[in-house]
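Got a model open and wondering how to read what you see? Let's go through it together, one feature at a time.

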Amino acid sequence: MKKVIIIGATSGIGREMARCYVNAGCKVGITGRRMELLDSFKKEFSDSISERFIVSLCFDVTGSENGVNLDSLISKLGGLDLLIYNSGFGDPSESLDWEIDKKTVDINVNGFVEIVNRSFRFFVSQGHGHIAATSSVASNRGNSFAPAYSASKAFMSCYLEGLYLKARRMKLPVYVTDIQPGFVRTKEIRVKGQFWIVPVAKAARQMVYAIEHKRFRVYISRRWWIIAKLMRIVPRFIYGKFG
């Protein structure tokens, strides 16, 4: 039975991916900051399915016990095959609000790297595994409306690529997937001028498909690769009118 941990599964994409994996017969560990939301996820399923296939642990990735919590989940699941880091934060910060920027870095960089680093070392030790994380199309360029958000997602993407290359150099079946969504219809999104908005269920299905096919990088939806490519090549004097 495949064992999956999803960090950040109380709502939106993370919750929908957890639903996909439980329905596929996987044993799933879910985390989040609100216990009532973790409990409500379990209640979506029968008691027999919930008890057999779902393990939950309530914690905040900005805390000091990410390693202990991850180890606890792995123990409860009886192992780990796939780690998905889906926790994220990115409010607009047009006035460069320090509290927003700090929270963004604490979740998208510090929490991410601590959990993913530990997971990678676990997978190297056991000889196989898969890490996936939700970065963003925003990782491709700086953004004046949310500077810390774009920078934090760029960190995630670069770190994931480094792990991908490290695993290849070590010749180990440890896989890495960098998921770069555009706009997804979640309650957290607060960006003006949204377009090509993807429903949560569709986004989650495409993410799971990419993970199960061991893709290194995937755009959600697929046509967002066009925006990612344009962001990288458009001259700064043009990009500055929009970014």
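This is a predicted model: local features need pLDDT of at least 70, side-chain atom pairs count only at pLDDT 80 or more; totals for chains, interfaces and linings use all residues.

Q: How many salt bridges does a search of the whole structure find?
A: A salt bridge here is a side-chain nitrogen of Lys or Arg within 4 Å of a carboxyl oxygen of Asp or Glu. The search turns up eight. One of them joins Arg19 to Glu44, with the closest N and O atoms 2.8 Å apart. That pair ties together distant parts of the chain: Arg19 sits in helix 1 (residues 12–23), while Glu44 is in the loop between helix 2 (35–42) and helix 3 (47–53), 25 residues apart. Helices (H or I, at least four residues) and strands (E, at least two) are DSSP runs, numbered from the N terminus.

Q: Which residues are linked with Arg19 and Glu44 in a network of salt bridges?
A: Arg15 and Glu16 are in that network with them.

Q: What separates Asp106 and Lys102 in helix 5?
A: About one helical turn, because they're four residues apart in helix 5 (residues 98–126).

Q: Is His130 buried or exposed?
A: Buried means under 20% relative accessible area, exposed means over 50%, and partly exposed is in between (1.4 Å probe, protein chains only). His130 has a relative accessible area of 6%, so it's buried. Look for His130 in strand 5 (residues 129–134). Its side chain makes a polar contact with the side chain of Thr177 at 2.8 Å. A polar contact is a pair of N or O atoms within 3.5 Å; within protein, one must be able to donate a hydrogen and the other to accept it, and residues adjacent in sequence count only if both atoms are side-chain atoms.

Q: Which residues form the nonpolar patch on the surface?
A: Patches are made of residues with over 30% relative accessible area and no salt bridge; like charges are joined within 9 Å, and nonpolar side chains (Val, Leu, Ile, Met, Phe, Trp, Tyr) within 5 Å. Here, Trp225, Ile226, Leu230 and Ile233 form the nonpolar patch, with about 410 Å² of accessible area together. Such areas come from the Shrake-Rupley method with a 1.4 Å probe, and for residues only the protein chains shown count as cover. Trp225 belongs to helix 8 (residues 224–233) and is partly exposed, at 45% relative accessible area.

Q: Where is the cis peptide bond?
A: As background, most residues other than glycine have a negative phi, and most peptide bonds are trans. In this model, the bond from Ile220 to Ser221 is cis, with omega near -10°. Ser221 is in the loop between strand 7 and helix 8.

Q: What is the phi of Leu96, and what about Lys214?
A: Leu96 has a phi near 55°, a positive value in a residue other than glycine. Leu96 lies in the loop between strand 4 and helix 5 and is exposed, at 54% relative accessible area. For Lys214, phi is near 55°. Lys214 is in the loop between helix 7 and strand 7, and its 44% relative accessibility makes it partly exposed.

Terms used: Residues are numbered from 1 along each chain as its sequence is written. Side-chain values use heavy atoms; hydrogens and water are left out.
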